[in-house]
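Student: I would like to learn how to read a model like this one. Please take me through a few features in turn.

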Amino acid sequence: MGRGVLELIGLSRRFGEVIALDQLSFTVPPGQVFGFLGPNGAGKTTAMRAIVGVAAVDSGEVRWNGQLIDQAARSRIGYMPEERGLYPAMQVTEQLSYLARLHGLSAPRARAAAAAWSERLGIGDRGQAKIETLSLGNQQRVQLAAALVHDPELLVLDEPFSGLDPAGVDAMSEVLAERAAAGVTMLFSSHQLDLVEHLCESVAIIHRGALVAYGKVADLTASGPLRVFVRVAGDEAGRWALGLGDIAVVEKVTGGTAVLGLRNRADAQAVLDRARAAGPVEEFGFVRRKLSEVFRDAVGSPAPAMSAPGASA
Amino acid sequence: MTRHWWQLTGLVAGREIAERARAKSFWIASVVLLVAVAAGVLIPAAVHGSRSTARVGLRSGSLAVVLVGDSEVLVKQKPVAGAGSPAATLAGILSQVGGLQKLYAELPPSAAARITSSGIALPIHGLTRPARGLASRITGLAAAILIYVIILTYGIRITIGVGEEKSSRVVEVLLTTLRPTQLLAGKVIGMGSLALTQVVILVGTYFALGYAVGSSAVRGAADGVVLAGALWLLLGYMFYCTAYAAAGSLINRQADAYNASLPLQLPLILGYVLAYTAVYSSNVSWFYHLLGFVPFTAPVVMPVLVAVGAAPAWQMALSVAIIVVSTVAMARLAGKIYERAILRTGSRLRVRQVLRSAS
């Protein structure tokens with residue numbers, strides 16, 4: 001495998017009776033914002049801790065640049081652990097430059113990087129403050145700066161968005177996109193699926209320690225049951241669609257727009273013809289699934305309300 | 001242990017020193033300790049100077065008399081046949097030695113001996129300085145107390161300090177670039193050398209003041225006793241650094257630090273308490289000698305044994321060898337525990353559990 005590629009190969013880990021990782025394998029390509037999803041307890045944190053080397057696995061291996069990841073490679077990782085932690089009584093700039101130096105930067109370069117990242121993340125004026133005196137949101141920014149300060153080639157971020165205000169979310173999203181554009185390989189976990197859908201190019205979804213969905217967000221959301229949305233002028237209740245019979249099932253009607261489930265792509269034209277026969281068509285298109293739907297289907301949780309077939313408003 | 005290994009370890013040690021030296025409490029504690037040490041020298045010197053009456057001890061059986069004053073005189077006297085009861089003989093001696101003591105204090109020993117052998121009526125057989133005088137014993141006891149206090153004070157800091165990364169969870173960030181043993185070694189070296197600097201300043205102050213005011217605890221002591229105190233302070237401190245680090249490795253919360261380090265305090269307290277009895281006795285018990293070989297008690301026991309003149313060279317050498325070997329072993333154990341403990345979170349680990357997973 002090529003440069004910048006992170007590979008998880010058959011990672012397994014048991015904690016007593018609990019299986020945290022079950023033959024988990026997937027690949028993270030460089031230069032993409034890559035999301036790592038799964039319900040609570042799915043094994044995301046265990047997998048990420050295994051990548052950065054703070055948790056052992058029972059079997060399997062992690063490869064980076066085609067080689068088993070070792071201590072030298074790990075010093076090129078920027079890691080944001082699930083349980084945030086920095087030295088509470090240490091000043092922000094001191095802390096960041098200390099971490100940068102531990103990752104091999106010279107003292108002057110470390111100080112410069114610490115200042116630059118503090119500035120970039122909007123905490124430039126808090127350089128002399130002790131971490132423990134900062135708000136949680138600002139502590140989170142320092143934590144991200146700590147993961148970025150040594151210009152890592154691989155970013156492993158566990159729930160980087162949790163606890164951030166909207167401005168913080170924007171700043172974090174911007175940094176992730178920019179780092180990905182710079183060619184960094186990145187894996188971040190999140191429960192904010194709308195955000196992930198908006199931000200990520202690709203995702204891996206795991207459940208009970210095993211991979212259940214993987215790929216580009218565009219491909220995943222385009223997959224699954226075929227649906228169209230149609231709006232016919234003057235028919236607020238979508239009555240025109242009741243006569244469609246076996247070519248389409250009405251899933252719901254909201255504000256005059258009907259969402260119809262189809263068996264195949266060819267039926268879409270037949271539906272459109274019927275709609276035009278009923279009146280002027282104001283809206284027509286294929287429905288993309290939301291990532292949250294992909295997620296629910298993949299992890300098999302109880303059916304959410306919106307996909308109940310045949311429901312109408 | 002490559003250059004890179006030591007570089008990172010050095011960075012960790014540097015942070016420990018810088019962060020601790022930055023804290024106001026560090027400087028306050030340093031000044032308080034310094035004042036306490038100065039008071040410990042100056043107050044006894046002031047009190048001692050006014051006490052001119054000699055204390056007298058009679059060693060059972062023989063009729064040797066130990067006189068203790070500003071300087072010491074040990075008079076050994078053979079029993080004289082028909083001279084009456086030992087008490088009467090003693091009274092006779094005492095009537096004489098008041099002047100004798102003054103003489104002795106002012107004259108070199110050889111001259112004192114000449115005068116006493118010719119000019120005194122009582123059949124004094126000889127006049128000798130004791131091999132280890134009270135001043136030396138006091139120095140030995142002072143060294144034991146100092147070592148006891150220093151280890152207890154700084155040891156617990158190491159336990160708490162070692163738990164710092166675990167309790168704040170910063171350890172996960174650090175472990176992407178540091179090995180656990182590097183982190184532990186750097187921390188102990190950093191905290192240890194800072195404390196040692198402080199101790200050297202304190203002890204230096206003690207001696208400087210002691211010489212300046214002529215404190216008997218400093219001036220009258222044989223150099224060997226002072227050296228022994230310094231040697232076992234250093235050895236004991238290093239050994240206990242590793243032991244307290246091992247205790248710190250077992251805990252996740254700082255609140256557990258006192259419980260985890262309690263077992264380490266018990267042997268120290270034992271050696272310390274026994275030091276008070278051993279330092280005044282002429283016959284040190286075999287048990288106290290035995291404690292001199294145990295690395296946990298040797299740091300407080302050996303200076304006392306040396307001070308009372310009860311430690312032969314082979315015992316000193318063996319004790320040093322044991323404590324050095326134990327320090328290395330304890331450092332390894334601490335590293336192993338830390339490494340195992342750090343890669344899991346949760347409740348306090350049991351030593352046995354760690355050792356089992358390490359093997």
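Student: Which residue just after α3(A) takes a positive phi?

Tutor: Gly104(A) does, with a phi of about 105°. Helices (H or I, at least four residues) and strands (E, at least two) are DSSP runs, numbered from the N terminus. This is a predicted model, where local features need pLDDT of at least 70 and side-chain atom pairs count only at pLDDT 80 or more, while totals for chains, interfaces and linings use all residues. Residues are numbered from 1 along each chain as its sequence is written, and chains are lettered from A and ligands numbered from 1 in the order in which they are written.

Student: Is α3(A) mostly covered or mostly open?

Tutor: A residue is buried if 20 or more other C-beta atoms, placed from the backbone, lie within 10 Å of its own. In α3(A), 11 of 11 residues are buried, including Glu94(A) and Arg101(A).

Student: How many residues does each chain give to the contact?

Tutor: Two residues are in contact if their C-beta atoms, placed from the backbone, lie within 7 Å. Chain A gives 24 residues and chain B gives 16. On the side of chain A that touches chain B, α3(A) gives the most, with 4 residues.

Student: What is the strand order in the open sheet?

Tutor: Strands of a sheet pair through backbone hydrogen bonds, either parallel or antiparallel. Here two strands pair if DSSP finds at least two bridges between them. The 6 strands of chain A run β6-β7-β8-β3-β9-β10, with mixed pairing. β6 and β10 of chain A each have a single partner strand, so one side of each is left without a neighbour in the sheet. β7 and β8 of chain A pair in the parallel sense over 4 bridges, and Val156(A) stands opposite Leu187(A) in β8(A).

Technical notes:
A residue is buried if 20 or more other C-beta atoms lie within 10 Å of its own, exposed if 12 or fewer, and partly exposed in between; C-beta atoms are placed from the backbone.
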